[in-house]
Structures are given as structure tokens and as C-alpha cells.
Amino acid sequence: MVAPGKGILAADESSGTITKRFEAIGIESTFDSRRDYRQALLTTPGLEEFISGVILYDETIRQSTADGVAFPKLLEGLGIMPGIKVDTGAMPLPGSPDEKITEGLDGLPKRVAEYVSLGAKFAKWRAVITIGDGIPTDYCIQANAAALARYASICQEGGLVPIVEPEVLMDWENDVDRCAEVTKKAHEAVFAALDLHRVALDGIILKPNMAISGKKSATQASVDEVAAATVKLLTSTVPESVPGIAFLSGGQSADVATAHLNAMNKLGPHPWQLSFSYGRALQDDALNAWKGEASNVEAAQAALYGRSKDNSLASKGEYTPQQA
Ligand code: 5MM
């Protein structure tokens, strides 16, 4: 999953999230339009050169191309691993409603067994940690860490590699140091919980946020500052037995997310592969090019191919913006 020069495409938007993305560019979100869009992404010529796995959503893993090829089969044929988002979303945390707890543990062993039968090789669960006045609380960090660990242990037991995603949001006015401090705390809680739940660390992928300035912060850390702060925090929290770290993009522009990944890899070698599992930073250009029209599929695929290639180069520290 984190083979050198490869990353993971996060295409696991729930129906609510993909509908928002479609609405923003005037596309109606239906079973068929969502299928058409995902088909355009997954049939991108050459995608397998840079992408080792694709995270799918419950609806998508059951869908097929117009020619009737099930998406997991299509991916497998390309040598790309199909994955599945198994959490059911982040809800208000009881007793601390400005924070979130991710749901989806009920019945998870059964759902994992079904996803394995549908062809899934790995899974993803995203915890959401919000920075703000007086938050995150230890309660939120611990509750989410426990859920992530329980999920990871159920997946390993059921035959899926768990992607463990504790996302500290970049929406507030905090500086990069505050983000690094909160992320460090979240990672410490997650690795303590994974240990308690007997999760094999050499069989997980960590999907973290980068240590980054909040969107509303007056000062934005430079690319080199983000890279240094992120590598420092990972070095202090992520055991070397974890084989791969695949970052989320979290709302960064595609160019910036790639520049950050590249700068981190230039600081290597690191004990783990430092790669990408972007959603928006890989897909935004493709979605904007597609616009719901069959005649734009080629342009959308060219955009996805280009972003995948850039991040492949960045995962080796070999990206220069001129190559974009
Ligand atoms: C692709 O979006 C994923 C699912 O989101 P919802 O639960 O809101 O539908 C999301 O978990 C995604 O896999 C990660 O956050 C990475 O995406 P970005 O856009 O942050 O790289």
C-alpha cells in the first residue's frame, strides 16, 4: 500500500459529502452520476503507475462500470487494492457537543466480513479532532483513540489492513505549534490505545494531518516550517514498526499539499514511507474538469493522472513545481 512512489486515492466521500462537492459545481448527485464520476476516476489510464490503493464508500464498492465490471474487480485487474471506509461518520460527542466522535463499531465484524467478500483489502476510519477555545478535550482525544483502536483490531482480525486516521482539523486560527502539540497528543493516545487493543503496528497505515497553520491564522507557516514541524512530531510519536504514513490533505490546495509532502521527503530518509492518501488534493481538478459531462472524462482523467504523478514524485522528494 505504501510501495515507494505510490500513494492512495481517497474516493470514499459519503453520499452527503459527494453531494456537497457536486452541488458546488452544479451537478445533480444521483446513484448514476456518482457512479459515472467514480468510473471516470478509476478508469484513468496509467493510474496504477502512482496509485496503490483506492478507498471506496459503501455505495461505490457495490457499483460497476457501464460495461458491468464491478469496481473492486476493475481495480484488482489494474493491480490497485480496493479499500473501504467503514466508519459511519463523525457525530457530536455526548457531553461536549462542539467536538466529534466517530461512529460505526456496531456490527463492524460482520460488515468487515462482507467487505472482504466484495474484494476489499484494507479499511479506513477517520476520527475528527477540532482545535478551538478549550478544545480538544482529553475526553475527545481518548474516546476517539479507543474507537480507532477497536476498529483496527476488528479489521486485523477480519482480514483488512486498517488505515488509522486521527485528523486534527486545520479550520481555526491556531498557529503551527498548536497544531503540532494537539496532533502529538492525539498520536500518543492513539498508539497507547492500539497497544492496549493488541493491534499489530506493522499491519497498519497511519493517515495523519500535517502540522500546519489554521486556515484563519494571520500567519501561515512556510512549506519548510510545516515539513520540519511534521517530521519532528512524527518522529516523537510514530513507532518505527509502522510501515507507512499516508497523509490526508485536509483542505490544503493541491499544490501546497504536494509541496509539503515533497519537503518532508527531502528531510529523509525516514523509518516509514511518507506518502499520500489525499481526497480533495487529488480530485479537485478532476472534478472541476469533469462537470458531469461524458465529453470531459478525458480531461478529468488527465487532471487526476497529473496530480497522482506529482505526489508520486513528492513521495520520493523529487517533485519540482515546473513538472506540474
Ligand atoms: C474523501 O473524503 C473522505 C470521507 O469524508 P466524509 O466522511 O465527510 O464523507 C475523508 O475521510 C477523506 O478520506 C480524508 O479526510 C482525506 O481527504 P482530504 O480531502 O482531507 O485529503
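Q: Which residue of S9 stands opposite Leu206?
A: This is a predicted model, in which local features need pLDDT of at least 70 and side-chain atom pairs pLDDT 80 or more, while totals for chains, interfaces and linings use all residues. Residues are numbered from 1 along each chain as its sequence is written, and side-chain values use heavy atoms, without hydrogens or water. Strand S8 (residues 205-206) pairs with strand S9 (residues 244-247) in the parallel sense over 2 bridges; strands are DSSP runs of E of at least two residues, and pairing requires at least two bridges. In S9, the residue opposite Leu206 is Ile245.

Q: Which strands stand at the edges of the sheet?
A: The open sheet has 8 strands with parallel pairing, in the order S1-S2-S3-S6-S7-S8-S9-S10. Each edge strand has a single partner, so one side of it is left without a neighbour in the sheet. These strands are S1 (7-10) and S10 (273-276).

Q: What angle does the direction of helix H7 make with that of S7?
A: Helix H7 (residues 176-196; a DSSP run of H or I, at least four residues) packs on the sheet, touching S6, S7 and S8; contact means heavy atoms within 4.5 Å. Angles run from 0 to 180 degrees between N-to-C directions of axes fitted to C-alpha atoms, for helices over the stretch in contact. For H7 and S7 the angle is about 150 degrees.

Q: How much of the ligand's accessible area does the protein cover?
A: Oxygen atoms of the ligand lie 2.3 Å from a side-chain N or O atom of Lys124 and 2.7 Å from a polar side-chain atom of Arg280. On its own the ligand has 500 Å² of accessible area (Shrake-Rupley method, 1.4 Å probe). The protein covers 91%.

Key: A polar contact is a pair of N or O atoms within 3.5 Å; within protein, one must be able to donate a hydrogen and the other to accept it, and residues adjacent in sequence count only if both atoms are side-chain atoms.
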